[in-house]
Amino acid sequence: MSSTDRVKVEDVMSTPLETISKDATVREAAQQMREKDISALVVRTTPRAIISSTDVLDAVADGQNVSELPVTDVMTTDVETATPDLYMEEVAAMMTTYGIKHLPVVDDDYVGMVSSTDVAAHLS
């Protein structure tokens, strides 16, 4: 397969990027994920952060009150990111190496999200 035939992140990433405030509640994050039929939201903070459905489930399983719990208390910080020009095989390797299911796509600023579902759909 030549490099011109290889699929890049920009070809499969989800856009527009869905975000949430760090001050929103975990319940609000869960509701937004359900409404958008997605499993992760970018939290616009420095350092970069994300809240995923796994974070929400962990909070519920731990008995936390997600109606009052702020996103900032459960979000994952210092997240790995991808650039739009990465090949899908590279993203698959990153996800495997870091044990993650979502990579925000960054090109100066956030431009999209690529998930393990996107990778699996492409590579299957």
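This is a predicted model: local features need pLDDT of at least 70, side-chain atom pairs count only at pLDDT 80 or more; totals for chains, interfaces and linings use all residues.
Where does Asp-78 lie? Asp-78 is in the loop between strand 4 and helix 4.

1. Asp-78. The phi angle of Asp-78 is positive, near 55°, and the residue is not a glycine. Since exposed means over 50% relative accessible area, Asp-78 counts as exposed because its relative accessibility is 56%.

2. Pro-84. The loop between strand 4 and helix 4 (88–98) also holds Pro-84. Is Pro-84 buried or exposed? The cut-off for buried is under 20%, so Pro-84, at 11% relative accessibility, counts as buried. Leaving aside residues up to four places away in sequence, Pro-84 touches Lys-8, Val-9 and Glu-10, and also Val-105, Val-106, Asp-107 and Val-111. Pro-84 and Lys-36 are separated by 48 residues in sequence, and their C-alpha atoms are 22 Å apart in space.

3. Asp-108. The loop between strand 5 (102–107) and strand 6 contains Asp-108. Asp-108 is another residue to check for its backbone angle: phi is positive, about 70°, although the residue is not a glycine. Asp-108 counts as exposed because its relative accessibility is 79%.

4. Cis peptide bonds. Thr-15 and Pro-16 are joined by a cis peptide bond with omega of about -5°. Pro-16 sits in the loop between helix 1 (9–12) and strand 1. A cis bond also runs from Thr-46 to Pro-47, where omega is near 0°. Pro-47 belongs to the loop between strand 2 and strand 3.

5. Helix 2, buried side. Which residues of helix 2 are buried? They are Val-26, Ala-29, Gln-32 and Met-33. Viewed down the axis of helix 2, these buried residues fall within an arc of 120°, so they line one face of the helix. The cover over them includes strand 1 (19–20), strand 2 (40–43), strand 3 and helix 3.

6. Helix 2, other side and end. Arg-34 and Glu-35 are exposed residues on the face of helix 2 turned away from its buried side. After helix 2 comes Asp-37, with a positive phi near 55°.

7. Helix 3, buried side. The buried residues in helix 3 include Asp-55, Val-56 and Ala-59. Down the axis of helix 3, the buried residues fall within an arc of 100°, so they line one face of the helix. What do the buried residues of helix 3 pack against? Their partners are helix 2 (26–36), strand 3 and strand 4.

8. Helix 3, other side and end. The face of helix 3 turned away from its buried side carries Leu-57 and Ala-61, both exposed.

9. Largest pocket. The space in the largest pocket comes to about 280 Å³. Its lining is made up of 15 residues, and those nearest its centre are Ile-50, Ser-52, Ile-100, Lys-101 and His-102. Strand 3 (49–52), helix 3 (53–61) and strand 4 (76–77) are the elements giving two or more residues to this lining. Which element gives the most? Helix 3 does, with three residues. By type, the lining of the largest pocket has three nonpolar, eight polar and four charged residues.

10. Second largest pocket. About 210 Å³ of space lies in the second largest pocket. It is lined by 13 residues, and closest to its centre are Ser-14, Ile-38, Ser-39, Met-113 and Ser-115. Two or more lining residues come from strand 6 (109–115) and from helix 5 (116–123). Strand 6 gives the most to the lining of the second largest pocket, with three residues. How do the lining residues of the second largest pocket divide by type? There are six nonpolar, five polar and two charged residues.

Note on methods: Residues are numbered from 1 along each chain as its sequence is written. Side-chain values use heavy atoms; hydrogens and water are left out. On a 1 Å grid over the protein atoms alone, a cavity is a set of points where a 1.4 Å probe fits but cannot get out, and a pocket is an open set with protein on both sides within 12 Å along at least five of seven lines; lining residues have an atom within 4 Å of a point. Grid points are joined across faces, edges and corners, and a volume is the space filled by probe spheres set on the points. Helices (H or I, at least four residues) and strands (E, at least two) are DSSP runs, numbered from the N terminus. Ala, Val, Leu, Ile, Met, Phe, Trp, Tyr, Cys and Pro count as nonpolar, Asp, Glu, Lys and Arg as charged, and the others, Gly among them, as polar. Buried means under 20% relative accessible area, exposed over 50%, partly exposed in between (1.4 Å probe, protein chains only). The arc is that of the directions from the helix axis to the C-beta atoms. Contact means heavy atoms within 4.5 Å.
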